[in-house]
2 protein chains.
Amino acid sequence: MASIADNSGNEAALKRQAEILAQQPSEDRMMANAIRALAIDAVEAAKSGHPGMPMGMADAATVLYRKFLKFDAAVPDWWDRDRFVLSAGHGSMLLYALLHLTGHEGMGIEQLKTFRQLHSPAAGHPEYGEHPAIEMTTGPLGQGFATSVGMALAERMLAAKFGKSLVDHRTWVVAGDGCLQEGVSHEAAALAGHLKLNKLTVLWDDNSISIDGATSVSTSEDTLKRFAAYGWATRRIDGHNFEELAAALAFAQKSSKPTIIACRTVIGFGAPTKAGTAGVHGAALGGAEAEAAKKALGWNHLPFVVPEEIYAPWHEAGARGASTRRAWLKRLAKHPMRAEFERVMQGKLPEGWAETMSAYKAQLAETKPKLATRQASQKALEVLVPAIPELVGGSADLTGSNLTLVKGMAGVEPGNYAGRYIYYGIREFGMAAAMNGIALHGGLIPYGGTFFVFSDYMRPAIRLAALMGTRAIHVLTHDSIGLGEDGPTHQPVEHLASLRAMPNVLVLRPSDAIETAEAWEVAIKNTKGPSLLVLSRQGVPALRDVANGNKTARGAYVLAEANGPRAATIIATGTEVSLAMAAKKKLAGQGVEVAVVSAPCFELFAQQSSEYQKEVLGTALRIGVEAASGFGWERWLGPEGIFIGMTGFGASAPAEILYEHFGITEAAIVAAVKQEGN
Amino acid sequence: MASIADNSGNEAALKRQAEILAQQPSEDRMMANAIRALAIDAVEAAKSGHPGMPMGMADAATVLYRKFLKFDAAVPDWWDRDRFVLSAGHGSMLLYALLHLTGHEGMGIEQLKTFRQLHSPAAGHPEYGEHPAIEMTTGPLGQGFATSVGMALAERMLAAKFGKSLVDHRTWVVAGDGCLQEGVSHEAAALAGHLKLNKLTVLWDDNSISIDGATSVSTSEDTLKRFAAYGWATRRIDGHNFEELAAALAFAQKSSKPTIIACRTVIGFGAPTKAGTAGVHGAALGGAEAEAAKKALGWNHLPFVVPEEIYAPWHEAGARGASTRRAWLKRLAKHPMRAEFERVMQGKLPEGWAETMSAYKAQLAETKPKLATRQASQKALEVLVPAIPELVGGSADLTGSNLTLVKGMAGVEPGNYAGRYIYYGIREFGMAAAMNGIALHGGLIPYGGTFFVFSDYMRPAIRLAALMGTRAIHVLTHDSIGLGEDGPTHQPVEHLASLRAMPNVLVLRPSDAIETAEAWEVAIKNTKGPSLLVLSRQGVPALRDVANGNKTARGAYVLAEANGPRAATIIATGTEVSLAMAAKKKLAGQGVEVAVVSAPCFELFAQQSSEYQKEVLGTALRIGVEAASGFGWERWLGPEGIFIGMTGFGASAPAEILYEHFGITEAAIVAAVKQEGN
């Protein structure tokens, strides 16, 4: 937004700009100037926005869209299109202008005029769902790039499965200095380099300016050397030279490694005084500078007016992929795997999986295994992985702890993408972002594991999944003080509450093997957002003997009713449900009858009718039990309710001792009931 | 914890180990073997822990503690000691063994025997506060390293201020593959390289093993090349060769850049079958392997027994710094800046600052400025920065938006550390970790800014600050949909709740300039944990005309009482308090009398007496107003209460339109009161 930078120190940029503008403009330049003019106009109209990046990267984007990007503006959601990710999402007008100029429906000049206004598809930052050609929501820096790694990986994995005739596209990213300064860029680039994702290309808007001024204020790194260290191919070019741009993109197309192209640009290219300064990054140019910029660019048109002779080559670019797409459709029509390919790309689950899960759950009701819920999750995966071939797993280097790997899953390897399991490395945020990319790409359903406490590391990507409505499934084990000796750094306390507070996330904390299976069913069916399976390290007894339907899908339910009027209702989640059941038994022996409610998912329970909620919660004293912060429990407990859980951080000791130490015990529950409920 | 890796594939490691063990052991090796034996014994006793790293890095640690680290075991909190950070915190037994062997009080053999047991200073991961020689809590990977950058920077800044005769120490870090795969390592290393923190040295335990097996499963990067790209000096050595180790550490001491030394080690060095495998990373060796390891190491002593001839050189190492420390004390005694140095290192605030703030607040009560609270924060800083010389600021590249820079603060520059403002770059997590390091070092009070929504990026470091009780002050602006056009990616919704759920954090959301000043006072005085100032982009009217005392310090208070019995109590925070005041006025005109409670800090309000809480909240209908998720508000509103706020993500549009769109308006408050309160 505002900036402290003044416009000084940009003499070199202005000189370079003047030299370029002194040349006779090519058709490419005039096409690029249309992007610049639209960006100027839209930001002026909104009196808000970021003109600097679209103006700086217009030339590079023109070359990409005109000559390289495989797309058909008439069918923006064509499955084999190249993916284009504007990681520097604040430069959203670059994308909107490109979509408009190439003739995409739904991004007319009227839409551009409503840039940054309510209900406009041209929102402040690109928002997934607002237009089919917006591949993802960007803005939180670094995440566009990190997500694109998942897209590029999904392409390779699907190509390995369905063949090059159906799946053969590239992923292009425009990233700024901010994207590359963010830590997640390291995780993403290291993973992409390791996996040799050679169809991924990053165009780095190397303009040496960030909000606080010259990037030299805060960084001295040799970014291309860094990327080379990851195993990337690198190029440095003049980002305003069309020949160099075309040569670099052609080089990237042939590279055996992912490629980063440093496009040396002038931020706000065309602005006669502000170009090359932070002042042009995030604010309207202002009337006079805007007018002067257009004049300097040789753009003599009214605001939001693009002449026909500029539209013509842009529309040609928009239609360039049509024949390629038609040829692809023909190949698809006669492809032996057509039905399966269409199924996975449409996100339809395979037939039979639900029945297989039902049978598995019935078996659990029979055998009543005592398992840690992370083990129960692995057992569920042993059923789901063969039944749902598009399910692909992974872990951030905790495979043996998260129990995310099951038989028949080979690891994805550099150059060999036939596996179904991704060793993400110690890169939680990169993993979560890549999972978003895999889900957004389509054709695969990603799940990935880490310790629950490290959900903090990937929180920004979980948020983006929630915002986009992306089906990413997180397997988050070691979910409380129950992990024991590793201590407070590894013991989640506030994480349940903090994620329950996030819109459009399902936080599922099952209490036994059947609930864990149900939670997996819920997660698989939840196509509209991320699901978090919050699972225990330590074992829990089987609590359910009936596995019909899916009780977890209601969020909370009466697991064991009182034998008579309720003296209290004990509401618990996860590993604490078995404590509640033990307390119930103890109390019954003393003639006190309580109900136990298992509440694996607050969000789903909140969606139930108030009648159902009242029925479950009852009118008796309510006692909540969860080995976590009680923040947010008041909603279910009411003002008289008692919460038994954590009030601060955990400690390092064996789990049983910690439960005693923090007073989360059968005895505490019994005492709470008797104190109030006698 | 558990691991999927088997013990195969470690032939090369075992061969190398055998060659080394075939040599006649030097005194260094025997000293290192004491570390190994203690690590083995403690993990065996606890039946839990991570022997692999201590065994692998014992040789390097021996050289560091015996010849390089400046410390005096008798006075572990000596201000001019070198800082040692075990970033790979799971290898905690390395640190505990070192502290024990060098003769630190409070880490006797009895303490080692209680490794990972409740109340032991030898917790699962090193925990700040458990022993004075534990510089920080580590375990969440990457953060030890990132925090050490702040420590090293604090040393340079204090040296610039007080001179080399008082401040002249180094920061040493032991980091593992996990630390360096984490994204935050990129942010931290880039910042350290940029700032030329040449007194920072990282010993990388380069053992090629992580939990999922060989690191080659997930990474192919050339890490030293990456660090060279950041401007670091690099060395690759045999981590079991004492001469190479000593030469590399001596090289680091003379380097003009921060230095990373890749110590090629065998993880679990000494374990005859498991060395060089993931199997030795995070589990006890088991009786037979433990015994065989000791035999292979030539260690013929009972568990937890160290012979006197090994203690002797270790104790000598522990006392090595005593004379240096005494000389330093003499310099301090006659140093002209002694009093000021002692004051800042003791964390005592300067005289007069409180009075200056009181005068400033009185002036606000007089002038009643309409300001965005971020502007009010800047005005408070204009008072605080001159009054508290140890206050050092910064921003993650949003200086002009966060308004964190005030007159008289020069920027910290590479090689010139006299400034008080740090341009952290687009590195929120790295910033927050560095701030923790600055605070832990002592002598400085750090504050740093970013957008509130990006608190997600630095959440793991905020958590560590909360866990350690570190005074880090976060200036988090653009705190709601009130930021407008940037849209949902930039609009915090769940962040207030998610941070209120975290133990030991003060989340302060002031409503006007006076409350903002009070929030700053609270934050400055809060020496026991992080404080978050959550501030608006948009302007708010002055609401208070009295500025005596500090009402914010009580968390919530009656800002405007009802003129008669309350028909309702409207509880609001931040920018919504002025909405509540407008609604009160409107209602009064209609003959309906309500009280308005401003609640800038839930945590502080929760600490008040229940009498005070009841008095403030009243018995009438309660209406909560906050442009955020209502999660957690039930505690204050009760079951009949009404919450006016957000139920999902925001949108891109001008702020006023968004408030209308989401129904957070004066009219909505009025309607809520009248519907229930008539």
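B:Asp486 and A:Arg116 form a salt bridge whose closest N and O atoms are 2.6 Å apart; the term stands for a side-chain nitrogen of Lys or Arg within 4 Å of a carboxyl oxygen of Asp or Glu. This is a predicted model, in which local features need pLDDT of at least 70 and side-chain atom pairs count only at pLDDT 80 or more, while totals for chains, interfaces and linings use all residues. Residues are numbered from 1 along each chain as its sequence is written, chains are lettered from A in the order in which they are written, and side-chain values use heavy atoms, with hydrogens and water left out.

**How the two chains meet**

- The count of salt bridges between chain B and chain A is six.
- Chain B gives 106 residues to the contact and chain A gives 106 residues, contact being heavy atoms within 4.5 Å.
- About 8,700 Å² is buried between the chains, 61% of it from carbon and sulfur atoms; this is the accessible area (1.4 Å probe) lost on putting the two parts together, summed over both.

**Annotated binding-site residues**

- An unreviewed UniProt entry gives the annotation "binding site" to A:His90, A:Gly139, A:Pro140, A:Leu141, A:Gly178, A:Asn207, A:His281 and A:Phe454; such annotations may be inferred rather than shown by experiment.
- These residues span 365 residues of sequence and are also spread in space, up to 34.2 Å between C-alpha atoms.
- A:Gly139 sits in the loop between helix 5 (109–113) and helix 6 (143–162) of chain A, helices being DSSP runs (H or I, at least four residues) numbered from the N terminus.
- With 4% relative accessibility, A:Gly139 is buried, a term for under 20% relative accessible area (1.4 Å probe, protein chains only).
- Leaving out residues up to four places away in sequence, A:Gly139 touches A:Ser87, A:Gly89, A:His125 and B:His490.
- A:Leu141 lies in the loop between helix 5 and helix 6 of chain A and is buried at 17% relative accessibility.
- Beyond four places in sequence, the residues that A:Leu141 touches include A:His90, A:Gly178, B:Ile426 and B:Tyr457.

**Helix 6 of chain B**

- Of its 20 residues, 18 are buried, so helix 6 of chain B is largely enclosed by the rest of the structure.
- B:Gly163, with a positive phi near 90 degrees, follows helix 6 of chain B.

Conventions. Buried means under 20% relative accessible area, exposed over 50%, partly exposed in between (1.4 Å probe, protein chains only). Helices (H or I, at least four residues) and strands (E, at least two) are DSSP runs, numbered from the N terminus.
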